[in-house]
Amino acid sequence: MMKRAEIDITGIVQGVGFRPFIYNLAKTHSIRGWVLNNEKGVLIDAESEDGNLGCFIQDIPILAPALARIESLQVVPLEPIGHTSFEIRKSEEASDKFVLISPDAATCDQCLSELFSPENFRYHYPFINCTLCGPRFTIIKDIPYDRYKTTMAPFAMCQICQREYEDPANRRFHAQPNACPSCGPSLQLKDREGKEIQGDPIEKTLYLLKKGFIVAIKGLGGFHLACDAENNEAVSSLRSRKFREDKPFAVMCRDIVEVEQHCEVSDEEKKLLLGVERPIVILKRRKVSTIAHAIAPYQDTLGVMLPYSPLHHLLLKGPLKTLVMTSGNISDEPIAYKNEEALKRLSNIADYFLFHNREIHMRGDDSVTRIFEAKPYILRRSRGYIPFPIKLSFPLEMILACGGELKNTFCLTRGQYAFLSHHIGDLENLETVASFEKGIEHFKRLFYIEPKAVAYDLHPDYLSTKYALSIQHIPKIGVQHHHAHIVSAMVENGIGGNVIGVALDGTGFGLDGTIWGGEFIKADLRDFDRLAHLKKIPLPGGSMAIKEPWRMAMVYLSDAFGNKANRLRIDLTRRIDFEKWGILRKAIEKKINTPWTSSMGRLFDAISSLLSIRDEVHYEGQAAIELEMIANHEVKENYPFHIQKDERPMVIHLTEMIRGIVHDLMEGMSSSIISGKFHRTIACLIIETCETIRSNERLNRVVLSGGVFQNIFLLSLVTEGLRRSGFEVYTHHLVPPNDGGISLGQAVIGHTRLMQCA
Ligand code: ZN
Ligand code: ZN
Ligand code: FE
């Protein structure tokens with residue numbers, strides 16, 4: 001008996017080899033009919049003898065191409081009409097062609113084997129790709145996703161490429177970036193004066209890298225600064241030229257075997273390293289390894305990634321097994337992504353430039369991840385993940401959320417999708433702001449989004465806030481920083497209603513005008529109530545206090561010991577410039593340039609300095625990271641603390657803990673043990689505060705967010721402790737716990753507030 005059905009598929013099903021896949025699958029199952037792309041995704045009319053049709057439909061989600069993401073598959077039975085063949089039909093044109101766009105994807109196995117087959121005409125061609133892999137988001141200028149609207153437009157396909165492109169059965173059917181050595185992009189090696197170096201660009205680059213030179217290499221989403229990762233001298237000179245004292249560099253290793261030479265790698269970490277997203281994965285570094293020490297000084301971890309473009313594979317097949325691959329920028333500016341721009345901006349850092357002539361339209365920094373509880377934990381969500389949306393459990397109005405200041409991302413919503421942007425960077429200079437504005441316009445165009453409201457952080461000085469407030473004619477909705485953190489974690493976990501939110505970070509503007517950061521809130525998707533926080537302390541010198549943790553150590557010591565603080569017999573007081581501290585004390589008394597804060601980040605800074613680990617930081621979070629690194633995990637004790645429960649909000653006092661730490665220091669206890677005890681203390685106070693809130697508010701779900709939860713030791717202690725106490729615990733896995741995730745929370749809160757007004 002004949003059967004026929006219409007099959008409607010939505011998700012990322014365009015530009016990922018879906019139609020050739022359906023075409024070939026139809027052949028296998030003797031299906032007749034057609035397939036086409038429409039405004040929603042892919043539409044199939046399939047007809048066959050009984051049995052075959054069912055198998056065909058079953059196989060679609062199981063065998064779909066690696067880059068496809070099927071969101072829904074609907075089958076409607078139809079009357080058989082006697083199709084005689086299976087064909088790929090021309091796409092339906094529509095006015096509102098909203099489709100999802102695939103992220104850039106790592107070179108697939110089939111392309112890799114062609115890349116290294118001498119008989120293949122794309123042998124050693126650094127731009128080989130197909131519908132299963134290659135550049136996407138970074139080359140798309142406009143929609144629909146078609147070659148003439150990408151940066152591949154200037155390259156006319158040769159006959160062979162064109163034939164592949166038009167052949168429904170071919171892996172390169174409608175592969176927009178399809179190219180070969182005779183028709184596609186090519187490499188060019190230049191010196192810092194812009195003079196071309198003759199010879200094979202890859203061979204020459206390898207020779208230069210091996211000699212210890214620094215080469216700026218144009219990649220998928222921007223330039224990397226590369227050097228031999230086993231050459232300490234090269235790495236150190238990259239550091240000094242980049243003005244980057246000790247923030248770790250990422251390393252690219254030839255393959256998993258090489259990664260295992262330098263790091264311990266679990267199965268989950270392996271899977272993450274090898275995924276099509278190819279993020280940087282933070283791994284535990286082996287004690288003995290040939291990787292240069294200067295790559296990650298004062299760290300016991302290493303940020304590692306595997307090659308994700310054909311060019312990377314070619315560079316790492318030679319004599320070098322590992323390369324430093326750090327973003328091509330000077331300190332805090334956005335990563336360079338245009339040839340002339342790179343030559344201008346990076347010529348004081350790089351000795352040579354490996355260019356290519358395929359333009360990058362949108363920047364895409366490498367993503368940074370680690371594994372927590374056997375699942376990815378994303379610290380920077382960018383290349384490989386963008387622009388794949390976060391799917392929400394309910395539809396939203398179109399909202400623009402502008403994010404925070406550091407690690408900025410923005411977010412635009414449409415229906416059940418929240419399009420979180422790529423990593424924009426710290427919005428502290430004009431270049432980054434320009435990149436932020438360009439990004440917003442690009443996303444609005446790609447996904448047909450015209451925001452009905454704009455959500456922003458309450459901090460009046462953030463450039464993202466100023467941008468939001470400059471938008472005319474739509475409602476502007478201010479969202480408290482820590483509320484946004486908690487809601488971002490709630491929505492990625494698909495939960496609503498009231499929860500206990502524990503938001504711990506460095507800085508977030510509070511409703512009372514002070515700086516918050518050690519916050520326990522009762523939150524839902526619209527409102528929140530501050531239920532507890534760390535006791536407020538002064539922040540002498542404002543932002544200087546963030547750069548100089550010793551100031552926070554002295555503030556906490558003075559708080560615990562009063563005038564006796566200066567005379568304590570500990571290393572810190574031997575190092576302090578008391579003249580400077582005297583001036584700061586006066587500033588505190590006179591309330592000059594001294595905001596108040598309940599920040600957990602600053603507490604970690606204080607303890608780091610108190611334990612003589614770090615008095616001044618060179619990058620955000622450094623003091624806390626190094627404090628986590630030395631912590632002894634076996635310690636079972638913790639310091640006393642006090643929660644003042646008769647106040648609303650409750651206040652957490654740490655005087656006894658500070659006294660305990662000083663006592664241990666004077667007894668000569670190791671900083672490793674003290675750091676372990678400190679971490680336990682923070683975990684205990686979080687758990688006890690949550691228990692108190694549970695008995696007052698009858699809430700049993702705890703949501704953890706904020707940059708402090710990048711500390712995996714603390715995060716594990718807290719989640720384990722909370723679960724032992726019977727709580728349901730929710731953490732991040734899709735968006736960063738740091739400020740890179742808050743735009744998602746802002747967007748959702750913006751929507752619920754807008755609905756309330758309507
Ligand atoms: Zn491929
Ligand atoms: Zn060609
Ligand atoms: Fe934050």
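# Reading a zinc site, a strand and some contacts

Mentor: Let's begin with one residue: Tyr23 is buried, with a relative accessible area of 15%. Keep in mind that you're looking at a predicted model.

Trainee: Why does Tyr23 count as buried?

Mentor: The general idea is a cut-off: buried means under 20% relative accessible area. Tyr23 has 15%, so it falls on the buried side. Phe86 is buried too, at 7%.

Trainee: How many aromatic pairs does the structure hold?

Mentor: There are 17 of them. Tyr23 and Phe86 make one such pair, with 6.4 Å from centre to centre and 65 degrees between the planes.

Trainee: Is that pair stacked or edge-to-face?

Mentor: Look at the angle between the planes: over 60 degrees counts as edge-to-face, so the 65 degrees of Tyr23 and Phe86 put them in that class. Then check where each ring sits along the chain. Tyr23 belongs to helix H1 (residues 18–28) and Phe86 to strand E5 (residues 86–88), so their contact ties together parts that are 63 residues apart in sequence.

Trainee: And what does a stacked pair look like here?

Mentor: Take Phe419 and Phe447: their centres are 3.9 Å apart, with 15 degrees between the planes. These two also link distant parts of the chain, with Phe419 in strand E19 and Phe447 in the loop between helix H11 (430–446) and strand E20 (453–457), 28 residues apart. Both Phe419 and Phe447 are buried.

Trainee: Which residues form one aromatic cluster with Phe419 and Phe447?

Mentor: The cluster also takes in Phe137, Phe410, Tyr417, Phe436, Phe443 and Tyr467.

Trainee: Let's move to the metal. Which residues coordinate the zinc ion (ligand 2)?

Mentor: For a metal, start with the donor atoms and then look at the angles. Here the donors are the SG atoms of Cys158, Cys161, Cys180 and Cys183, at 2.3 Å.

Trainee: Is the site of the zinc ion tetrahedral or irregular?

Mentor: Four donors count as tetrahedral if all angles lie between 85 and 135 degrees. The angles at the zinc ion (ligand 2) run from 105 to 118 degrees, so its site is tetrahedral.

Trainee: How are those donor residues spaced in sequence?

Mentor: The pattern reads C-x2-C-x18-C-x2-C. Cys161 counts as buried at 0% relative accessibility, and Cys180 does at 1%.

Trainee: What should I look for in a strand?

Mentor: In a regular strand the side chains alternate between the two faces of the sheet. Now try strand E13 (residues 322–327). Thr322, Val324 and Thr326 point one way, while Leu323, Met325 and Ser327 point the other.

Trainee: Are the residues of E13 buried or exposed?

Mentor: Six of the six are buried, so E13 is largely enclosed by the rest of the structure.

Trainee: Which strands are joined to E13 by bridges?

Mentor: Strand E8 (residues 223–228) is joined to E13 by five bridges, and the two run antiparallel. Within that pairing, Leu225 has Thr326 as its bridge partner. Strand E9 (residues 250–253) also runs antiparallel to E13, with three bridges. There, Cys253 stands opposite Thr322.

Trainee: How many salt bridges does a search of the whole structure find?

Mentor: It finds 38. When you meet one, ask how far apart the charged atoms are, where the partners sit and how exposed they are. Glu341 and Arg363 form a salt bridge at 3.7 Å, N to O. Glu341 is in helix H10 (residues 339–346) and Arg363 in the loop between strands E14 (352–356) and E15 (368–372), 22 residues apart. Both Glu341 and Arg363 are buried.

Trainee: Which residue forms a salt bridge with Lys407?

Mentor: That's Glu620, with 2.5 Å between the closest N and O atoms. Lys407 lies in the loop between strands E18 (399–401) and E19 (411–420) and Glu620 in the loop between helices H18 (600–610) and H19 (622–630), so the contact ties together parts that are 213 residues apart in sequence. Lys407 counts as partly exposed, at 22% relative accessibility.

Trainee: Which residues are linked in a network of salt bridges?

Mentor: Glu114, Arg122, Glu164, Arg171 and Arg172 are.

Methods: Residues are numbered from 1 along each chain as its sequence is written. Chains are lettered from A and ligands numbered from 1 in the order in which they are written. This is a predicted model: local features need pLDDT of at least 70, side-chain atom pairs count only at pLDDT 80 or more; totals for chains, interfaces and linings use all residues. Side-chain values use heavy atoms; hydrogens and water are left out. A salt bridge is a side-chain nitrogen of Lys or Arg within 4 Å of a carboxyl oxygen of Asp or Glu. Helices (H or I, at least four residues) and strands (E, at least two) are DSSP runs, numbered from the N terminus. Buried means under 20% relative accessible area, exposed over 50%, partly exposed in between (1.4 Å probe, protein chains only). Donors are N, O and S atoms within 2.8 Å of the metal (3.2 Å for Na, K and Ca); water is not among the atoms, so sites may look incomplete. Four donors count as tetrahedral if all angles lie between 85 and 135 degrees; four count as square planar and six as octahedral if opposite donors are over 155 degrees apart and all others between 65 and 115; anything else is irregular. Two strands pair if DSSP finds at least two bridges between them. Rings of Phe, Tyr and Trp (its six-membered ring) pair if their centres lie within 6.5 Å; planes under 30 degrees apart count as stacked, over 60 as edge-to-face and the rest as tilted.
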